[in-house]
Amino acid sequence: MTLLIRPAVALVGTLDTKGAEYQWVAQRLAGHGVDTVVIDTGIRPPDGFTGPVAVGQDEVARSAGTTIQALRDGNDQGAAVAAMGAGAAAVLAGLAAEGRLDGVLALGGSGGSSIAARAVRDLPIGLPKLIVSTMAAGDVSPYVGAADVTMMYSVVDISGINRVSRAVLGNAAAAIAGMATAHAGTAAEEGDRPLIAASMFGVTTPAVDAARARLEELGYEVLVFHATGAGGKALEALARSSLLAGVLDLTTTELADDLVGGVLSAGPARLTAAGAAGVPQVVSLGALDMVNFGPEDTVPAEFAGRTFFVHNPTVTLMRTTVAENAELGRRVGAKLAAAAGPTVLVVPRGGVSALDTDGAAFHDPAADAALFDAVLDTVRGSAVSVLDSTRHINDAELAVEAADRLHALIGKEV
């Protein structure tokens, strides 16, 4: 990023309803030595904001492929919120790409928070993002998602400047000013190692540890994500951020939870971001032999009679069936075949987890065969390269070979 003399914070908000509050915050930021880039995501004419607006609501709407007049005429609040959020995201992406952004601050209720959350969702990890919201005292996952968004509860409604809002918004201004100043002064250090994202579960730890050691030996920094649903979402978000040189996705178990209804699903978009972004990836079938539930007594009754393994008092694992494995193979294969970047599929015929070995709780050759056959059938004829091995996924030699394959893919892209 090109460093600025003064850090720049984007103020993203509905100036038609929160103009006076944004005016007050902009003045506080100026007092902290921070420049502001005001982006108006309101639908009606601004009210109460008298400072300069860098990106007006017309431009935000155009960035979303529509017009302010169309949104006004449509009289659909939900559609307007979605459009202005998408438009603001496009504007912020442009500012970030140009090195003109060191932080984002937004204020709002449910609508304004939704716009802001969409606007900052795809910004690079590490770029400060702060939303002061009336919704921050409850479940903030719809606003935070897998991004590094900081939510601050407004305590009172964001409606005028009073004794309470002055304290809360003043703290917010000071917080984003501090974060933005630090961000502006932290350029990427010369010689920083390229980043690799890797997925891991307890039952695939030996594989990821061996692969990580090899990648670090080759000069990479490896970020490991625990495949707990949130971990997979975070990996996908990072893959969209343009920060990664490659992805070593050895542990795709979250897809099993998404298919069967386990508690650690990362959603249907898991295993798509790297492919869509063209990021080199090496992918395997780690822990697709299991679906995750909580304590034994929380497992849905519909699964009575299935094969279970009590991992600990709070985690119960269920073995996937032949039919489920066949469908998982098709889903993994379809996602990989659609990838825009170089992709290697690793098929570990010796087993896909620590529980999938001869004599272990989840050893099921028929289920594994269904998984392997389906994924190979689905990628056949595509650009996906296949590393078909007789080894177990946790075999160190296979893990090192997977790391070497990823290194080779990255070298071809440079």
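Author: Here it is. First, a term: helices (H or I, at least four residues) and strands (E, at least two) are DSSP runs, numbered from the N terminus. With that, A287 is found in the loop between β9 (281-283) and β10 (290-293).

Reader: How were the numbers made?

Author: This is a predicted model, where local features need pLDDT of at least 70, side-chain atom pairs count only at pLDDT 80 or more, and totals for chains, interfaces and linings use all residues. Residues are numbered from 1 along each chain as its sequence is written, and side-chain values use heavy atoms, with hydrogens and water left out.

Reader: Back to A287. What is its phi?

Author: Near 65 degrees, a positive value in a residue other than glycine.

Reader: Is A287 buried or exposed?

Author: A287 is buried, with a relative accessible area of 0%. Buried means under 20% relative accessible area, exposed over 50%, partly exposed in between (1.4 Å probe, protein chains only).

Reader: And L271, what about its phi?

Author: L271 has a positive phi of about 75 degrees, and it is not a glycine. Its place is the loop between α10 (254-260) and α11 (273-277). L271 is buried, at 4% relative accessible area.

Reader: New topic. How many residues does helix α7 have?

Author: Helix α7 (residues 163-184) has 22. From first C-alpha to last it reaches 32 Å, close to the 32 Å expected at 1.5 Å a residue. That expected span is 1.5 Å times one less than the number of residues.

Reader: What caps its N-terminal end?

Author: N162 does, with a side-chain oxygen 3.0 Å from the backbone nitrogen of V164.

Reader: Which residues of α7 are buried?

Author: Among them are S165, V168, L169 and G170. The buried residues of α7 pack against β1 (8-13), α1 (15-31), β3 (103-108), β4 (129-133) and β5 (150-153).

Reader: Where is S133?

Author: S133 sits in strand β4. S133 is buried, with a relative accessible area of 0%.

Reader: What does S133 touch?

Author: Leaving aside neighbours within four places in sequence, S133 is in contact (heavy atoms within 4.5 Å) with residues including G108, G109, M151 and Y153. A polar contact of 2.7 Å also joins the side chains of S133 and S113. A polar contact is a pair of N or O atoms within 3.5 Å; within protein, one must be able to donate a hydrogen and the other to accept it, and residues adjacent in sequence count only if both atoms are side-chain atoms.
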